[in-house]
Amino acid sequence: MALGAGFVRVSTGSQDEASQVKVIEADAAERGIAIVKWFRLHGYSASHGTQEPALREVIADIAHGDYSTLMVTESSRLDRREDLDAQAEILLAIRSAGGDIISVGEPQFGRTDFAGRIVTLVAQHANAEKSKTVKRETYRGIMMIRDNRAHHGPLPAFWATEGVRYAKRAWCQDPAAVVDMYERVASGESLSSVGRAYDRYPQSVKNVIRFDANHTGVIECSYTHEGQTETWAHEVEPVVESALWWRANKVLDANLTESRANKGGRPVAWPANWISGILDCPECAGKLFLQAGLTPARDARTGKPRVPRPRTPKLRCGGHAKQRLACGEFKGIDAQPIIDVLTGMFASDTTDILAFQRVAGNAHELDELHAQLRKIQARLSATEDDEELDTLVAERKAIKARIEGHVIVPDRFDYAPTGQTVAQMWYAGDDTVKRGMARAVKASWGMVLAEDDGQWGIAVGTASHNGPAEARGIVDLGNGLCFRR
Ligand SMILES: [Zn+2]
């Protein structure tokens, strides 16, 4: 049980003393504090003369360890001057002696009120002083490290330090692993794949690759103290050849590791990737995606490095939008014949691309005239030049006349040739355009992967259930463009 003292003060002759004692006793019991000493001060008028020796006694008792808490009914009982500075002073003295004041009527006393803020400030100041001291001591230590040209600072994976304080040397614990990491990354293996091999996060792999000292044999150490940065070089045994370091870092710079390529979203890097996600899986009706790129930099089974080679592009089931899991039923087919068939279909199509546009009507001309008029009016109010004024007035007159004489022909819109054919659009278009065209044909006419005599091909026109020959009607390309046969 914690020990405490009660502090009551009453004016002479009042009944207040007993009630204050009662309040303190009840609160102390609730808090599990045993009151071992009472201070009873009588007479408000002689406050200073009576309470200062009492408080000095309290502080001495607390410092002595007789009790740790001083309990009052209200903080003003401690000093009737109702001077917050004085209260803060008392609170501070008691706190610094290792004790605390509990004011029954003010649960927040010494915590959120002014006196409490002072205490907090003082405590913060003390903490700041302490941390300054710590920093000064650290700085002295760092200067010793610098003078020893020893190591200070973070190290990547596979690196550690040894030696006594202020003279630690950095060294590579597993040079073979570091070299292997560089070789894997240099050959384009993904950071996550390298990470898996060494039970590291991809970021740790990156940190190893980025670590200059791996090839320079020098770690640039630095320490900043009060705005002054000290740097020194710590020499280590280099681990990799500069050429390999450079190649691996070049791959990182260019974001060329596999993990960065086409992770979700629309793939952009491979030729003919417009076909990705267009065709349906014949087995599960999921989407077929183009798998291309390079073979892995190392054998999946034996782990031996291999020279990455371009894959034969395949169309493989990528499942449905959310699940993105191959159904496993459709084993995938060579993509090139399918790409060739579709390319041939679009590239030989001389059908006109049509655009939904105004084919009759002149309402827009009237709008243009009104706009010209507004422009002239704005310039009229701005110019100071007499000659320009004359010109503007003349123009204004002319335009007004045209507006008055304008005979409106109602607008009519229809599809009209843009001057471009399907084939031209196909050749001129990038992957996005080609994808849009393929998707539009599929949506309008139907376009499925069909097997015939063990050969996979494309059947267009399946939407009409009448076979490919019935590929008719409008193909809506979006943006008001279409073509029709
Ligand atoms: Zn499937």
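Leaving aside its neighbours within four places in sequence, which residues is M437 in contact with?

Tutor: This is a predicted model, in which local features need pLDDT of at least 70, side-chain atom pairs count only at pLDDT 80 or more, and totals for chains, interfaces and linings use all residues. Residues are numbered from 1 along each chain as its sequence is written. Once neighbours within four places in sequence are set aside, M437 is in contact with F346, M425, W426 and L477, contact meaning that the C-beta atoms of two residues, placed from the backbone, lie within 7 Å.

M437 also belongs to the largest nonpolar core, which has 28 residues, and is listed with I275, L288, L315, I338, A438 and V441 as the members that touch the most others. Such a core is a set of buried Ala, Val, Leu, Ile, Met, Phe, Trp, Tyr and Cys residues joined through C-beta atoms within 7 Å, where buried means that 20 or more other C-beta atoms lie within 10 Å of a residue's own. Among the elements that give two or more residues to this core are α10 (335-347), α13 (422-428), α14 (431-445), β15 and β16; helices (H or I, at least four residues) and strands (E, at least two) are DSSP runs, numbered from the N terminus. The element that gives the most is α14, with four residues. A second, separate core of 23 residues includes C172, F211, V240 and W245.

In the loop between β15 (455-460) and β16 (474-478) is G461, whose C-alpha atom is separated by 9.9 Å from that of A443, 18 residues apart along the chain. G461 is buried, because 20 other C-beta atoms lie within 10 Å.

Note on methods
A residue is buried if 20 or more other C-beta atoms lie within 10 Å of its own, exposed if 12 or fewer, and partly exposed in between; C-beta atoms are placed from the backbone.
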